[in-house]
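This briefing concerns the arrangement of strands, helices and aromatic rings in a protein chain. Please view the structure before reading on.

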Amino acid sequence: MPLDAKMIFDCVEEYSNSHDRMTKLVLFVVAQFERELKKRNIMARVTGRAKSIESLKGKLDKWSSDRKRCARFRARSDVFSCVSDLAGVRVMTYTERDREVVQQLIGELFASPAGRAEFAAERKEESARIQRDKTNHYRATHMQICLRPEHLVGDYVNLRGAECEVQITSMLAHVWNEIEHDMRYKGDAQALSDDEILAIDSLGLLTKSGDRIISKLINANARRIEAHRLHQGMRDGSIKDWRSLAQTMEEHFGATVARKAINYRVNTPALFDTIEALNLTHPKDLFQVLSPSLVQTTAKETLPAFTRYLRMHGLQKPLIASETCDLFLIALLSKFCATIAGLPKTNRGPAKRHIFFAGVFSQFETTIAV
């Protein structure tokens, strides 16, 4: 069936009837991200929108000359399955390295839509189209999400099956993406002068070096602040909170463990809860347990085996991240699993991260023993 004027009109009308519903979905997703990013101390900004009626019509008008796209439209309701960004949310991280962290976070917060494996995640810069074009500096991870069953209650029941596209990009990459998109896609790409093309290319190269500068600046600022916090909070010799724990761990182990860079500021609260429960808040006691040999064995053997066990049994929420403080959490669980698993569950929802992993680790150890 051709994507003719009548089909375009019908699709636009179908979507306009659901515009408020898609707006509600966007607001929910943005709120979820903002809350979790703040809780996990991930520096980022979140924006979202439901596609405007005019923008959708413009996109369908462009697609009407694409035979392959036209073939996908058989009924007016196909607009929801054929246009992936009717609801769109963009997460702009301050640093490029946090793009993967946010992608892992999505696995914990949302569900993958039916028929889309692993959220249909795609790193756009790895596509053949962009790889062929050395002047295309588009860097973003695109994913399709929907709400989890526990979210689909009350006012949100009508969001069942509704999909939202999430774009994850760094702040500077976002600037290039927007400028390039406005000039090439929305404007007349054929009319761009050589100077304009060269400037867009130069800006793309600058954003990549700028990402590295921002990372260094943030890390330097964090080290200064946390060093001061650590000095103030450890006058009695103990680690006071997860931030001072992150500083202490990084100073003790260094930037890499088992040849992998460790982000000591991710999943640190669960590790802090663990050392508190084990009375290991003094660095001397903590590092007596977290010996170099234990950490190396955990990184090379225990953690990979445990990760495979989680995947095999479909236990990937929450997702374990080997290059974060989860490494040290699993190291402690290998020695004190029963103690942590026996802690009382104080929250109404799912068990806290360290208690959940302790319970699963107990089962994992049983399989190893067998």
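Phe287 is buried, with a relative accessible area of 14%, and Phe253 is also buried, at 18%; buried means under 20% relative accessible area, with a 1.4 Å probe and protein chains only. The model is predicted: local features need pLDDT of at least 70, side-chain atom pairs count only at pLDDT 80 or more, and totals for chains, interfaces and linings use all residues. Residues are numbered from 1 along each chain as its sequence is written, and side-chain values use heavy atoms, without hydrogens and water.

**Aromatic rings**
- The structure holds 12 aromatic pairs, a pair being two rings of Phe, Tyr or Trp (its six-membered ring) with centres within 6.5 Å.
- The ring centres of Phe253 and Phe287 are 5.7 Å apart and their planes stand at 80 degrees, so this pair is edge-to-face (planes over 60 degrees apart).
- Phe253 belongs to helix H10 (residues 242-253) and Phe287 to helix H12 (residues 283-289), so the pair ties together parts 34 residues apart in sequence; helices (H or I, at least four residues) and strands (E, at least two) are DSSP runs, numbered from the N terminus.
- Ring pairs also link Phe306, Tyr309, Phe356, Phe357, Phe361 and Phe364 into a cluster.

**The sheet**
- An open sheet with mixed pairing is formed by 5 strands in the order E1-E2-E5-E4-E3; strands pair if DSSP finds at least two bridges between them.
- Strands E1 (44-50) and E3 (122-123) stand at the edges with a single partner strand each, so one side of each is left without a neighbour in the sheet.
- E3 and strand E4 (residues 141-145) run antiparallel and are joined by 2 bridges.

Note on methods. Rings of Phe, Tyr and Trp (its six-membered ring) pair if their centres lie within 6.5 Å; planes under 30 degrees apart count as stacked, over 60 as edge-to-face and the rest as tilted. Buried means under 20% relative accessible area, exposed over 50%, partly exposed in between (1.4 Å probe, protein chains only).
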